[in-house]
Amino acid sequence: MCWKVIPCNFQELNLDITLTCGQSFRWKRAESGEWVSVFSNVVWMLKQDKDGNLNYKAYNCKKNTDCQKSKRRKLYLKDTVARNLDGNYSDTDHENMLKEYFQLKVNLTDLYRDWSEKDDKFNNISKIFNGVRILKQDPVENLISFICSSNNNIPRITSMVEKLCSHYGEEGLEINDKIFYTFPSLEKLAEAKVEGELRKLGFGYRAKYINQTAAHITKNDPNWLMSLRNISYEDARKELLQLPGVGGKVADCVCLMSLDKSEAVPIDTHVWQIATRDYLPHLKTKKTMTDKIYLEIGNFFRNRFGKYAGWAHSVLFAADLPQFKHLRNELH
């Protein structure tokens, strides 16, 4: 299969930062350098060329709940059989799906210019940390993944999400002897046995929240999560906070990363440190982050950066992560 291209540049999209800054936990870099993951029932391979254009290959997974291992589709990328894939999506569908996933209609260059004019710290960081976009993810995967994120780090969250997929997702495709799984449905995660199984897999107290949240949604309205895209940020956040295991940060992550609420500002330890160190020093004396303080920090970012405050905050967040220390050093 030949690489297809979506015109782009590094100011508009930086895959290396966007895919590793804690938004999605299924992207992995292959030995050959490409980024690989599964979403929307498709296995994706992505890379950027020297000009920043987005190059991709897309392999449709057969969505068949009755599919047995013996029927799993196997592909070897050097084999010409990869040119004749069947599935539900066309080449045009694949391109549109990627454009929506990376929200490429949002002009990031203009936003960076506006944020840099409003904030000296952002202006400095943007010289290195450009092209950091917010992914538009499936609300189910986004919600369950961030329930896993509670008091956790990115490597361990990644491990948990992979366990969810391999134990409860569908076997979609095998490429070069690696099996790719779809993200499990809420119906599957709502089964009574799931909590106990997840505890054995090392999920701890999160097992209960995953199981109960899945059961709550499937019992009431399976389409409820997607419908939250059509209401205000404040109302969507209130709705999410009713779910087991969902606090303010998780609710804001889901609002920002899958429900089109660009003003949502998730606040965790990193953002708390950024806010007290660089913007709101009077909060340094506070030992715990109350709901009132959480709202104060969120409102500060919204007032400073505007409608896309959640996007701007994510650039500052990424720049503060340990894995990007080598990039921060270039700023000095």
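Visitor: Is Asp-91 buried, partly exposed or exposed, and what is its relative accessible area?
Guide: This is a predicted model, and the value is computed from it. Buried means under 20% and exposed means over 50%, so Asp-91, which falls in between, is partly exposed, with a relative accessible area of 47%.

Visitor: With which residue does Asp-91 form a salt bridge?
Guide: The closest N and O atoms of the pair are 4.0 Å apart, and the partner of Asp-91 is Lys-4. Lys-4 is itself partly exposed, at a relative accessible area of 27%.

Visitor: How far apart are the closest N and O atoms in the salt bridge between Glu-95 and Lys-99?
Guide: Both residues lie in helix 2, where 4 residues, about one turn of the helix, separate Glu-95 from Lys-99. Glu-95 is partly exposed at 26% relative accessible area, and Lys-99 is partly exposed at 33%. The closest N and O atoms of this salt bridge are apart by 2.9 Å.

Visitor: Is Phe-301 buried or exposed, and at what relative accessibility?
Guide: Phe-301 lies in helix 14 (residues 291–305), and its contacts beyond four places in sequence include Val-265, Tyr-279 and Leu-316. Because buried means under 20%, Phe-301 counts as buried, its relative accessibility being 1%.

Methods:
Residues numbered from 1 in each chain as written. Predicted model: local features only at pLDDT ≥ 70, side-chain atom pairs only at ≥ 80, totals over all residues. Heavy atoms only, no water. Helix = DSSP H or I, 4+ residues; strand = E, 2+ residues; numbered from the N terminus. Buried < 20%, exposed > 50% of the residue type's maximum accessible area, 1.4 Å probe, protein only. Contact = heavy atoms within 4.5 Å. Salt bridge = Lys/Arg side-chain N within 4 Å of Asp/Glu carboxyl O.
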